[in-house]
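Hi there,

Here is the structure I promised to pass on to you. Have a look at it first, and then read my notes below.

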Protein chains: 2
Amino acid sequence: MRAFTFTGGDAGAWRIVSTTAIVGETLQNAARLSITSAQDAAQGSSFQWQLSGITSNDRYVMRPEKIELVAKQQGLGRPEASLGCFIPIRKTPEWWALTQDERRAVFEEQSRHIAIGMRYLPEIARRLHHCRDLLEPGPFDFLTWFEYAPDHEIAFGQLLAELRASPEWRFVDREVEIRTIREP
Amino acid sequence: MRAFTFTGGDAGAWRIVSTTAIVGETLQNAARLSITSAQDAAQGSSFQWQLSGITSNDRYVMRPEKIELVAKQQGLGRPEASLGCFIPIRKTPEWWALTQDERRAVFEEQSRHIAIGMRYLPEIARRLHHCRDLLEPGPFDFLTWFEYAPDHEIAFGQLLAELRASPEWRFVDREVEIRTIREP
């Protein structure tokens, strides 16, 4: 399964504790977050917002980085990882007009996006979903879902702060941070 | 507009003259090819096949290549470009498991994909559509549409032969070639 839908509404295993606009317009407050396959997403039921995206091949990672990532990372769904954070992001037209080498240079050589994320493994698990190339245009380019244990909440905040201070984030023109607690 | 639908059926400005499976399963024969925005694609009408994809940012092109491409290429819809060719392609799971640097190395350093295409500009105009990352899984990863004048039909065949002889094409496991003539 590669296509996932995140729904902010009255249902779902994750209780939403805060919705914060980091850059640009926020998303409406909702009580709970549901994560399903895109196929299973309830389209008729009431919700505040619904966003879909698809996991895909890595766009910037090189082989030595990939080997290290695969060795260190852990999957979603660990019993102790009771905190979740959903961060949809949109990048600027300037970002998308860069060529591959230019985007890689900003992403890693200047911003150390991969290296920063690596330092927080395996504690902070993460799944990236792409939504810029769906047939139906949506409001975001990427949806990232993070899971971690309460012991690592401060580290998670540091991870976000490091990334947001990087040159790459000059190309982010919309970002919302939705913190959740698993309460099935 | 970024999302396009190609429909093989009874309607459309392009008469299909041949449908050839290059690798893997073919597509059903159809009389005409219609190219519309994905939104305008007739979903109820009868057709033999329908494929959608979206134009996106370049995945491999570097800045010097981009400058040369933009300087040389011409758009679709030139009056003299009365021949069209639609080529849907799927790449293997091995391709998608490669890292970015490995894919770039096969694509350009080994296969000269960009350099080969450049030699046929501006005669052969081309638009690439991505469909691997749509929410609904489809049978192909890429849809490429080419337009050229009858004077350049032999050159177009050479372009295809050069690409198909390249190491990149070892990663192609389905390819169909649909030749058309504009007959509105």
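Contact here means heavy atoms within 4.5 Å. Helices (H or I, at least four residues) and strands (E, at least two) are DSSP runs, numbered from the N terminus. This is a predicted model, in which local features need pLDDT of at least 70 and side-chain atom pairs count only at pLDDT 80 or more, while totals for chains, interfaces and linings use all residues. Residues are numbered from 1 along each chain, chains are lettered from A in the order in which they are written, and side-chain values use heavy atoms, without hydrogens and water.

Let's start with helix 3 of chain A. Its buried residues (under 20% relative accessible area, 1.4 Å probe, protein chains only) are A:Q100, A:R103, A:R104, A:V106, A:F107 and A:E108. They lie on the same side of the helix because they cover an arc of only 165° around the axis, taken from the directions from the axis to the C-beta atoms. What covers them includes helices 1, 2 and 4 of chain A, together with helix 3 of chain B.

Now for the interface. Chain B brings 28 residues to the contact and chain A brings 27. How many salt bridges (a side-chain nitrogen of Lys or Arg within 4 Å of a carboxyl oxygen of Asp or Glu) does the rule find across the interface of chain B and chain A? There are six. B:R63 and A:E102 form a salt bridge through their side chains, at 2.6 Å from N to O. On the side of chain B that touches chain A, helix 3 of chain B gives the largest share, four residues.

Enjoy exploring!

Conventions. Buried < 20%, exposed > 50% of the residue type's maximum accessible area, 1.4 Å probe, protein only.
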